[in-house]
Amino acid sequence: MCGIVGYTGKNPALPFLLEGLRTLEYRGYDSAGVELEAPSGSLTEVKCKGRVAALAALCEKLDATQTTGIAHTRWATHGEPSDANAHPHRDCSGRVAVVHNGIIENFQELVAELEERGHHFASETDSEVIAHLIEEALAGPAEGDFALAVSLATSRLEGSWAIACLSAASPGEILCCRKGSPLVLASTPDGAYAASDVTALAHTTSHVVNLGEGQIARLLPTGEVSVFEGDLTPVAEPDTFDIDWDASAATLGGYPDFMAKEIAEQPEAIERLLEGRLGQDGIVLDELRLSPEEVAAIDRIYVVACGTSWHVGLIAKTYFETWARIPTTVECASEFNYEEILTTDHTLCVIITQSGETADTLASARKMQAAGAKVIAITNVLGSSAARESDGVLYVQAGPEIAVASTKAYTAQLVAAALLALFLARANGAISLSEVRSRFREMQRAPELIRIVLSRAWQDEVAAQAFASAHSALFLGRGVSSTTAREGALKLKEISYLHAEAYPAGEMKHGPIALVEPGYPVVVVVPESHVRDKTISNLQEVNARGATTIALATNGDVRVAQLASHLLLVPPAPEWLSPVVDVVHLQLLARYVALARGCDVDKPRNLAKSVTVE
Ligand code: M6R
């Protein structure tokens, strides 16, 4: 959940490093730092608490001509956000510098051991031990061999890491390694690059090396990138892939913030995902890499995910059970990893992860694979760990999602889950080809329906006023809309810092209704559905207690219109598809509430886009 970048080559390193950090800032933004290396090996460090902009301001004072450097933007795990805890971290001699993304689980033992041998630590982080271990190895068994020192140092580590480091004794060289945290590299005529993810490299190259689990890479100013296994055996054919989106996809492009841009991009994202997906025999998902026999035999599904992606899973369960008739269990990955699992010989695990790097979700996939289940990943990030480690992958192709709050990936993942469900349903004969075609045609209407909701953003802007003096809010819905309510509450919490609780509408009377008092905002998701009338009763119950109700309802629903203080209108949609359409209003609502409260909608406090620690 930190971002790291490195460059060594012909050009001054600082501009790329700062720009790379800005691009990766969504991964963490409580402190930032940069280490530059001169051809003589002398190291210059600038780091501070705060965002990349604060670091960039400090760097203006530098006459930075160095052509080698590493940099970091941090999301604190060990040690509070502070200047001292900001990366890079150095060894005692100040001749080794390290940036790290991940967690070193055995750092306390290592610190104790190193302190006993006379090392002094300047920070409270787990990461600093890496610099001291490299220092010892360089002075001892590695005898000045930088790559060997990194190999020996990392062999002492437990946990997860993506590391880039410099040694004054090997000017111009950057050593990188990874285990459990992502790192991509690029070799270009201008030099060699390293970054936590491809967004930072998109304007330098379209061809990327994906550093493998446990591997080490050496980057040289000539642009050469050599990859080794952890024991320094050369890797003849490193894993490479092409970046399929251009750098402008990760820029604001005239929008005030990335969240606004990504909300607006949802129709195109879904259109892209659906292109070419309906074939003669049903849904085309060639990329799944499972045989027809394996697919047809699936008799149980576990869906495992975190956060917003977990909400996708809750709705996907309905699709898998209704269409494919396969019993489905949906679990939060962080809980699932410590629970008993009941697999059959034909269990499928579906992991859903925008980033493809969420540590808990990856751990769940590994647990399921170890239990003999096949794993399919629904993910947005090409070449991510989830994509590489799974037996099959379904890319949602939403394009880079930069805002921490997930929006376009959510709706694209919902559609991807629906495609997968139809694919499984056809493979096991649970539904007819004509039904698959009908559902697909309905899916194709999603972009047009979302565009209508987008054109009604003013309704959300007006409804946001209901939250002006609120301290808390309740979100209610039934059936698939109860998950839409959950997702709406999560969006509101994470970007506006307003407490929000989502509840199945019918359960409200068993406790949460006690919260309701005059003026208390209650969002009721009540589109046309088989449970609409029941939800209307719940709307009346909160009205009776003086709530300010914000009702998400279908065009022309006069009954709801008469009951609600504010209306968020959606066009008529099939019930199964309504979550894809309705959530867009709740994304817009959350954004307007957050803006009115003066919050940074793209980079909410305490959060990071991809949670690569357990
Ligand atoms: O990359 P993932 O989909 O695995 O991320 C899972 C969650 O961390 C993520 O959905 C988080 O809840 C978002 N910030 C929600 O907007």
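Contact is defined here as heavy atoms within 4.5 Å. The model is predicted, so local features were required to have pLDDT of at least 70 and side-chain atom pairs pLDDT 80 or more, whereas totals for chains, interfaces and linings use all residues. Residues are numbered from 1 along each chain as its sequence is written, and side-chain values use heavy atoms, with hydrogens and water left out.

The protein chain contains 20 helices and 26 strands, assigned as DSSP runs (helices, H or I, at least four residues; strands, E, at least two) and numbered from the N terminus. Its radius of gyration, taken over C-alpha atoms, is 25 Å, close to the 25 Å given for 614 residues by the globule rule, so the chain is as compact as a globular protein of that length. The rule is 2.2 Å times the number of residues to the power 0.38. Of the 614 residues, 61% are buried (under 20% relative accessible area; exposed, over 50%; partly exposed, in between; 1.4 Å probe, protein chains only). Among contacts between residues at least 6 apart in sequence, 72% join residues at least 24 apart.

Helix H3 spans residues 107-116, and its buried residues are Phe-107, Leu-110, Val-111 and Leu-114. These fall within an arc of 100 degrees when seen down the helix axis, so they line one face of H3; the arc is that of the directions from the axis to the C-beta atoms. The buried residues of H3 pack against strand S6 (96-104) and helix H4 (128-139). Gln-108 and Glu-116, on the other side of H3, are exposed. Just after H3, Gly-118 has a positive phi of about 100 degrees.
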